[in-house]
Amino acid sequence: MKLNYKYPTAYTINSLNVLNTALATLPAYKDWRQFDPGPSYSVDARYASLPALNKKDIRAHFPAGFVPPEKDLQQALDSKEIEFVKTSGSIDIAVTNIWYQKWWDASEKSSWQLNAYAQKLATGNHREAILVNPMNVGIISDDKPLSLQERTLSRFLYLNERTSPAFWTEAHMERMAEELNVFQPDVLEANPSLLAKLCRYLAAAGRKVYQPGLIIFTYEYPAVLHLRQIRQVFQSPLASSYGSTETGYVFMQCEAGKFHHNYEACRVDFQPLKKEHGGPAVGRILVTPFNNPWYYLLRFYVGDLVRIDETGVCACGRDHGMLLSAIEGRTFSATLTTSGRLVTLREADNVISAFTEIEEYKIEQTAARHYDVSLVASFQHRNTLNKNVTEALKNLYGSEAEIVIIYREMILPETSGKHCLVKTTFPIDIEDYLEK
Ligand SMILES: [Zn+2]
């Protein structure tokens, strides 16, 4: 499959600037120089000849390996121009990154141009309510509730201070609904699993809430069942924003539902999976952030799989940059069929989320043929679910698949604070599945 996207000249210039600075001056890329065919080749060919940067490479060379030698790191840290931030490592390995707020804000701002509602509402001084796990962003307080003032930071309101939905009470969810009504956010940013939990409660209580102009999903993959639960309460436009601490904002879902590349802020290289594992339309992406003078990441492997939009056109009319029809989910949320084919999170989610009786789920593949499936569902549905879910998962994973269904009161988030829908308890090296 040939990928022929339109880019402005600035994209090539930005790509070259990062490449040249990184290869010429930065210790982290010293061993990469041997792979670069040199300036007589196109920028795309030069990028394609280089390896991927992994989190363990960041750990090995942090921080000096990524900062140009003329920059004074200590002085910038002292003056608070930059800081070090840690990401949690429950599933992935933990890394410390250099955080440069100006770069992050610029990346967020350009991503807003890729969705008509965000473009209109996100002025930079719009009111934003945030419903996330405070372990990812916000203020943690599990033992006592924080006041509205304590959770308000300029134009942002953090609706939740508790690190697990296990600590959510009815009063806590009532407070969130009330605060949405009072604060009237232009934008609501949410972990889909947490917003879905709030919506299950509000729908059962028959409670109406303020409808924000746009709901943006971050941090987690929005399962089809989460979206369905959210739709029972919110008619607002929904959009997924895709990015990471290391890369900034990489893709934004437009009003027509496809994912557009935030090409002003970063370069994206696509590596297809082998045909038998979903390629060439499905593959992994490597991201090179632009315009961050403090932190040069080249071809960073975020850990996600995406699906290229094969038509190459979107109803919204935006025609620059890479176009995706879907985010396929984290690589650690990929599983294997009993014959060894890779199954993305999206593929597994489509199967499980088709059962409208299921409120929450988690699939853990523990061995080549063994799958533990935790479900949250009411008693009355359990008998039929046992049979139908087992059958559907055997269709997906193979007739020899051992499917063990366990019912739970709730599915707890990982120690990172994020909700995990699907995972294996053994490592899968994605490199083995890439087309060479
Ligand atoms: Zn579009």
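Which residues of α1 are buried? Before I answer, two remarks on the model itself. Residues are numbered from 1 along each chain as its sequence is written. This is a predicted model, in which local features need pLDDT of at least 70 and side-chain atom pairs count only at pLDDT 80 or more, while totals for chains, interfaces and linings use all residues.

So, to α1. The buried residues of this helix are Tyr11, Asn14, Ser15, Val18, Leu19 and Ala22, where buried is taken as 20 or more other C-beta atoms within 10 Å of a residue's own, exposed as 12 or fewer, and partly exposed as in between, with C-beta atoms placed from the backbone. They cover an arc of only 125° around the axis, which puts them on the same side of α1; the arc is that of the directions from the helix axis to the C-beta atoms. On the face turned away from that buried side, α1 carries the exposed residues Thr9, Ala10, Ile13 and Ala24. The cover over the buried residues of α1 includes α2 (43–48), β11 (266–272) and β12 (282–289).

Turning to the whole chain, the protein has 11 helices and 20 strands, these being DSSP runs numbered from the N terminus, with helices of H or I and at least four residues, and strands of E and at least two. Of its 436 residues, 39% are buried. For 436 residues a compact globule would have a radius of gyration near 22 Å, and the protein, at 22 Å, agrees; that radius is taken over C-alpha atoms, and the globule rule is 2.2 Å times the number of residues to the power 0.38.

The strands next. Twelve of them form an open sheet with mixed pairing, in the order β4-β5-β3-β6-β7-β8-β9-β10-β14-β13-β12-β11, where two strands pair if DSSP finds at least two bridges between them. β4 (152–153) and β11 stand at the edges with a single partner strand each, so one side of each is left without a neighbour in the sheet. Within the sheet, β3 (residues 128–131) and β6 (residues 187–190) pair in the parallel sense over four bridges, and Ala129 stands opposite Leu188 in β6.

Finally, a loop residue. Ile358 lies in the loop between α10 (345–353) and β17 (360–367), and Ile358 is partly exposed, with 18 other C-beta atoms within 10 Å. Leaving aside neighbours within four places in sequence, Ile358 is in contact with Leu225, Ile352, Leu375 and Ala377, contact being C-beta atoms, placed from the backbone, within 7 Å. The C-alpha atoms of Ile358 and Leu375, 17 residues apart along the chain, are separated by 6.7 Å.

Conventions
Contact = placed C-beta atoms within 7 Å.
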